[in-house]
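Please look over the structure below before reading on. The briefing that follows goes through it topic by topic.

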Amino acid sequence: MELLKQRILEAGSVVSDQVVKLDAILNHQVDPALIKEMGREFARRFVESSPTKVLTVESSGIPLSFAVASELGVPFIFARRKKSVTMGEDTYCERVPSFTKGIVTDIMVSSQYITANDRILIIDDIIANGDAARGLIRIVERSGAELVGVGIAVEKAFQAGGRAIREQGIRTESLVTITSLDQGNIVFAE
Ligand code: G4P
Ligand code: NA
Ligand code: NA
């Protein structure tokens, strides 16, 4: 997606050869016009697989999932990282390590919002090692729903996340792929 590449080059900064900071558009401040375009692009790529719900993890996946779900005309669910008092006992909980925070966290989805009749599209903002996305995939598997695919805004191809999910036979679409962050330069795949 050319627009997203452009915006990443303008607004992004390289933190290390592993991490790109996108706080100006995606992870802290959010650019709604850009997010809407990204939502349209994901909807275009996945509409034919007829998702009934979009699934993400809080927090940065939320605006993007809203945009995708809004385009598709379906609800979206964000897995919570903290158990809410209103959340019932029937909860899918998966333990995932976090790449940027260096800690292990739980992600939780109430079982009432994903049923065996659902067709789930997982959306994530940035994929590194793919632990968060794999946690979501395990939740979908446990629910008995069909996983139609995984949509990632920014895939870092030098880390294994996207590749590992494709190797599971899951359709995985990235809007942009970063092949390197070496020496402060953001390099995209074709
Ligand atoms: P993974 O899903 O690919 O394994 O990534 P991991 O769990 O290791 O990532 C944990 C968090 O780090 C995620 O955000 C993910 O989006 C973020 N992340 C990974 N690589 C980068 C990067 O290069 N730049 C930035 N800005 N973030 C990165 P999170 O913990 O879910 O936090 P939140 O932003 O959703 O609140
Ligand atoms: Na994030
Ligand atoms: Na995320």
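**The shell around ligand 1**

At least two residues of the shell around ligand 1 come from each of β2 (20-21), β7 (119-127) and α5 (131-143). Helices (H or I, at least four residues) and strands (E, at least two) are DSSP runs, numbered from the N terminus. The model is predicted: local features need pLDDT of at least 70 and side-chain atom pairs count only at pLDDT 80 or more, while totals for chains, interfaces and linings use all residues. Residues are numbered from 1 along each chain as its sequence is written, and chains are lettered from A and ligands numbered from 1 in the order in which they are written.

- The ligand is surrounded by 24 residues, and the closest are Ser-60, Phe-99, Thr-100, Ala-128 and Ala-132. A residue is near a molecule or strand if its C-beta atom, placed from the backbone, lies within 6 Å of it.
- By type, the shell holds 10 nonpolar, nine polar and five charged residues. Ala, Val, Leu, Ile, Met, Phe, Trp, Tyr, Cys and Pro count as nonpolar, Asp, Glu, Lys and Arg as charged, and the others, Gly among them, as polar.

**Positions annotated in UniProt**

- An unreviewed UniProt entry gives the feature "binding site" at Asn-27 and Lys-156. UniProt positions are given in the numbering used here, feature names are shortened, and annotations may be inferred rather than shown by experiment.
- Asn-27 belongs to helix α2 (residues 23-27). Asn-27 counts as partly exposed because it has 15 C-beta neighbours inside 10 Å. A residue is buried if 20 or more other C-beta atoms lie within 10 Å of its own, exposed if 12 or fewer, and partly exposed in between, with C-beta atoms placed from the backbone.
- Apart from neighbours within four places in sequence, Asn-27 is in contact with Leu-22, Ser-60 and Asp-125. Contact means that the C-beta atoms of two residues, placed from the backbone, lie within 7 Å.
- Lys-156 sits in strand β8 (residues 146-156). Lys-156 is buried because 23 other C-beta atoms lie within 10 Å.
- Neighbours within four places in sequence aside, the contacts of Lys-156 are Ile-127, Ala-128 and Ile-178.
- The unreviewed UniProt entry also carries the annotation "domain: Phosphoribosyltransferase" over residues 41-156. This stretch of chain is 27% helix and 37% strand, with its end C-alpha atoms 19 Å apart.

**Helix α1**

- In helix α1 (residues 2-11), the buried residues are Leu-4, Arg-7 and Ile-8. Seen down the axis of α1, these buried residues fall within an arc of 100°, so they line one face of the helix. The arc is that of the directions from the helix axis to the C-beta atoms.
- Glu-2, Gln-6, Leu-9 and Glu-10 are exposed on the other side of α1.
- The cover over the buried residues of α1 includes α2, α3 (32-46) and β9 (172-180).

**Strands and pairing**

- An open sheet of six strands has the order β4-β3-β7-β8-β9-β10, with mixed pairing. Its edge strands, β4 (76-79) and β10 (187-188), each pair on one side only. Two strands pair if DSSP finds at least two bridges between them.
- β9 and β10 run antiparallel and are joined by two bridges. Ile-178 stands opposite Phe-188 in β10.
- Seven bridges link strand β5 (residues 91-97) to strand β6 (residues 104-110) in the antiparallel sense. Tyr-92 stands opposite Val-109 in β6.
- A hairpin is formed by β5 and β6, with six residues between them, and Gly-102 in the turn has a positive phi of about 65°.
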